[in-house]
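Please look over the sequence and the 3D structure shown below before reading on. The text after them is meant to be read with both in view.

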Amino acid sequence: MPIPSTITTTMTDSLALQRLLIWASPAFPVGTFAYSGGLETAIVEGTIRDADATRNWLEGNLQSGAGRNDAILAVLACRAHDDAARLSDLADLCLALTPARQRHEELLVTGHAFIQAAKAWPDPVHERLPAACPYPIAFGAIAGAASINPASTALAFLTAYAQAQISVAVRLVPIGQTNGLAILAALEPLIANLATTLAAADENDLGAIAYATDIAAMNHETLTTRIFRS
């Protein structure tokens with residue numbers, strides 16, 4: 001007996017959701033735990049001292065900084081998952097927009113790690129990815145190839161970004177696990193709205209004004225003692 005189309009659709013959607021949850025999980029072996037994106041510098045310099053400052057820092061990056069730009073690039077890669085030339089161009093654009101050397105390294109190292117780990121789910125998309133593939137492009141392209149839509153891709157990407165940044169603050173400020181979870185809960189509406197908006201974004205929507213974050217990322221390599229790699 002043929003499987004009804006509604007059941008097939010549900011099975012496909014469930015499979016895509018399973019993969020998205022796995023790929024965006026902090027437990028997925030990408031190595032983001034080793035990077036702070038400049039947040040360590042802000043903590044050492046005293047800019048980030050408590051949970052409120054952590055939340056403000058994150059909100060700024062999500063709305064106007066690296067978090068927003070990287071999510072847009074992930075969305076663009078999601079749409080272009082079947083176009084190798086387009087993915088290569090997006091990878092170049094992503095790296096060109098990266099303001100700090102260590103952030104440049106972070107995107108490439110985590111991108112490579114994501115691709116290697118995601119090969120557990122064989123797909124022709126891996127052959128279309130550029131050799132030097134930053135994390136947002138790898139995440140978006142592999143998600144798109146798995147029939148995950150741009151809005152869901154953006155939602156997962158932004159949530160994973162927030163979780164990684166909060167984890168840094170939990171360990172270094174420290175703000176504690178309870179405050180960290182409270183920040184993540186408070187950011188849910190913002191992340192949901194951004195994901196919906198950015199799902200329709202294009203290159204013209206790229207741009208950042210989170211100067212403090214960019215400067216912190218640039219200054220990270222000058223810290224005398226460092227725990228994180230960026």
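What follows goes from the overall fold to the helices and loops, then to salt bridges and surface patches.

This is a predicted model, in which local features need pLDDT of at least 70 and side-chain atom pairs count only at pLDDT 80 or more, while totals for chains, interfaces and linings use all residues. Residues are numbered from 1 along each chain as its sequence is written, and side-chain values use heavy atoms, with hydrogens and water left out.

The protein has 11 helices and zero strands. Helices (H or I, at least four residues) and strands (E, at least two) are DSSP runs, numbered from the N terminus. In sequence order the pattern is α-α-α-α-α-α-α-α-α-α-α. The radius of gyration of the protein is 18 Å, close to the 17 Å that the globule rule gives for 230 residues, so the protein is as compact as a globular protein of that length. The radius is taken over C-alpha atoms, and the globule rule is 2.2 Å times the number of residues to the power 0.38. The C-alpha trace spans about 65 × 35 × 30 Å along its principal axes.

Of the 230 residues of the protein, 49% count as buried. Buried means under 20% relative accessible area, exposed means over 50%, and partly exposed lies in between (1.4 Å probe, protein chains only). Accessible areas come from the Shrake-Rupley method with a 1.4 Å probe; for residues, only the protein chains shown count as cover.

Why is helix α8 (residues 135-145) largely enclosed by the rest of the structure? The reason is that 11 of the 11 residues of α8 are buried. Among them are Y135, P136, I137 and F139. S147 comes after α8 and sits in the loop between α8 and α9. S147 is exposed, with a relative accessible area of 58%. Although S147 is not a glycine, its phi is positive, at about 65°.

The next loop, between α9 (150-172) and α10 (177-198), contains G176. P174 is found in the loop between α9 and α10 as well. V173 and P174 are joined by a cis peptide bond, with omega at about -15°. G176 counts as partly exposed, at 27% relative accessibility. The C-alpha atom of G176 is separated by 8.7 Å from that of A51, although G176 and A51 are 125 residues apart along the chain.

How many salt bridges does a search of the whole structure find? It finds six salt bridges. A salt bridge is a side-chain nitrogen of Lys or Arg within 4 Å of a carboxyl oxygen of Asp or Glu. One is formed by E59 and R55, with the closest N and O atoms 2.9 Å apart. E59 and R55 are four residues apart in helix α3 (residues 51-64), so about one helical turn separates them. R55 is partly exposed, with a relative accessible area of 33%.

D70 and R103 also meet in a salt bridge, at 3.2 Å from N to O. This pair links distant parts of the chain, with D70 in helix α4 and R103 in helix α6 (residues 101-118), 33 residues apart. Both D70 and R103 are buried.

Another salt bridge joins R101 and E221, with the closest N and O atoms 3.6 Å apart. R101 lies in helix α6 and E221 in the segment after α11, so the pair ties together parts that are 120 residues apart in sequence. R101 counts as exposed at 51% relative accessibility, whereas E221 counts as partly exposed at 39%. Salt bridges that share partners join D70, R103 and E106 into one network.

Surface patches come last. They are made of residues with over 30% relative accessible area and no salt bridge: like charges are joined within 9 Å, and nonpolar side chains (Val, Leu, Ile, Met, Phe, Trp, Tyr) within 5 Å. Lys and Arg count as positive and Asp and Glu as negative; His and the chain ends are not counted. The place of a charge is taken as NZ of Lys, CZ of Arg, CG of Asp or CD of Glu.

D82, D83, D89 and D92 form a negative surface patch. D83 is in the loop between α4 (66-79) and α5 (84-96) and is partly exposed, with a relative accessible area of 36%. I209, Y211 and I215 make a nonpolar surface patch of about 340 Å². Y211 lies in helix α11 (residues 211-219) and is exposed, with a relative accessible area of 54%.
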